[in-house]
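Please keep the viewer open as you read.

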Amino acid sequence: MKSRLKELRARDGYNQTQLAKHARISRQTISLIERGEYMPSLLIAVRIAHIFNEPVENVFSFEEEEL
């Protein structure tokens, strides 16, 4: 799974701690998602997408072989 989290954080001026607080998850979880080491639950993915006012598919994507 790929995410645009780091790019969107930069666009909207969030650091990892601020985004984590808004998404009600830990900063470490944000870091793991950005590094591709953690796949968020659907609820967390939707929360993060909502924070950026983006559809979830514009924030997270899968490679064809992952589907």
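## An exposed histidine

His 50 has a relative accessible area of 62% and is therefore exposed; by the cut-offs used here, buried means under 20% relative accessible area, exposed over 50%, and partly exposed in between, with a 1.4 Å probe and protein chains only. This residue belongs to helix α4, where helices (H or I, at least four residues) and strands (E, at least two) are DSSP runs numbered from the N terminus. From C-alpha to C-alpha, His 50 is 9.2 Å from Ala 23, though 27 residues separate the two in sequence.

A word on the model: it is predicted, so local features need pLDDT of at least 70 and side-chain atom pairs count only at pLDDT 80 or more, while totals for chains, interfaces and linings use all residues. Residues are numbered from 1 along each chain as its sequence is written, and side-chain values use heavy atoms, with hydrogens and water left out.

## The nonpolar core

The largest nonpolar core holds 16 residues, and Leu 5, Ile 30, Ile 48, Val 59 and Phe 60 have the most contacts inside it. Such a core is a set of buried Ala, Val, Leu, Ile, Met, Phe, Trp, Tyr and Cys residues joined through side-chain atoms within 4.5 Å. Two or more residues come from each of α1 (5–12), α2 (16–23), α3 (27–34) and α4 (42–51), and α4 supplies the largest share, 5 residues.

Which residues does Phe 60 touch, leaving aside its neighbours within four places in sequence? Phe 60 is in contact with Met 1, Lys 2, Ser 3, Leu 5, Ile 33, Pro 40, Ala 45 and Ile 48, contact meaning heavy atoms within 4.5 Å.

## Around α3

Thr 29, Ile 30, Ser 31 and Ile 33 are the buried residues of α3, and they pack against β1 (2–3), α1, α2, α4 and β2 (60–61). Just after this helix, Gly 36 adopts a positive phi of about 75 degrees.

The axes of α1 and α3 lie 9 Å apart at an angle of about 120 degrees; axes are lines fitted to C-alpha atoms, for helices over the stretch in contact, and angles run from 0 to 180 degrees between N-to-C directions. The two helices are therefore oblique to each other, since angles under 35 degrees count as roughly parallel, over 145 as roughly antiparallel, 65 to 115 as roughly perpendicular and the rest as oblique. Leu 5, Lys 6 and Arg 9 of α1 meet Ile 30, Ile 33 and Glu 34 of α3.

With α2 and α3, the axes come within 8 Å and cross at roughly 105 degrees, so this pair is roughly perpendicular. Gln 16, Thr 17, Leu 19 and Ala 20 of α2 face Arg 27, Ile 30, Ser 31 and Glu 34 of α3 in this contact.

## α2 against α4

Here the axes come within 9 Å and cross at roughly 115 degrees. On the α2 side, Leu 19, His 22 and Ala 23 meet Arg 47, Ile 48 and Ile 51 in α4.

## A proline in a loop

Is Pro 55 buried, partly exposed or exposed? Pro 55 sits in the loop between α4 and α5 (56–59), and its 38% relative accessibility makes it partly exposed. Ala 45 is 10 residues from Pro 55 in sequence and 9.8 Å away in space, C-alpha to C-alpha.
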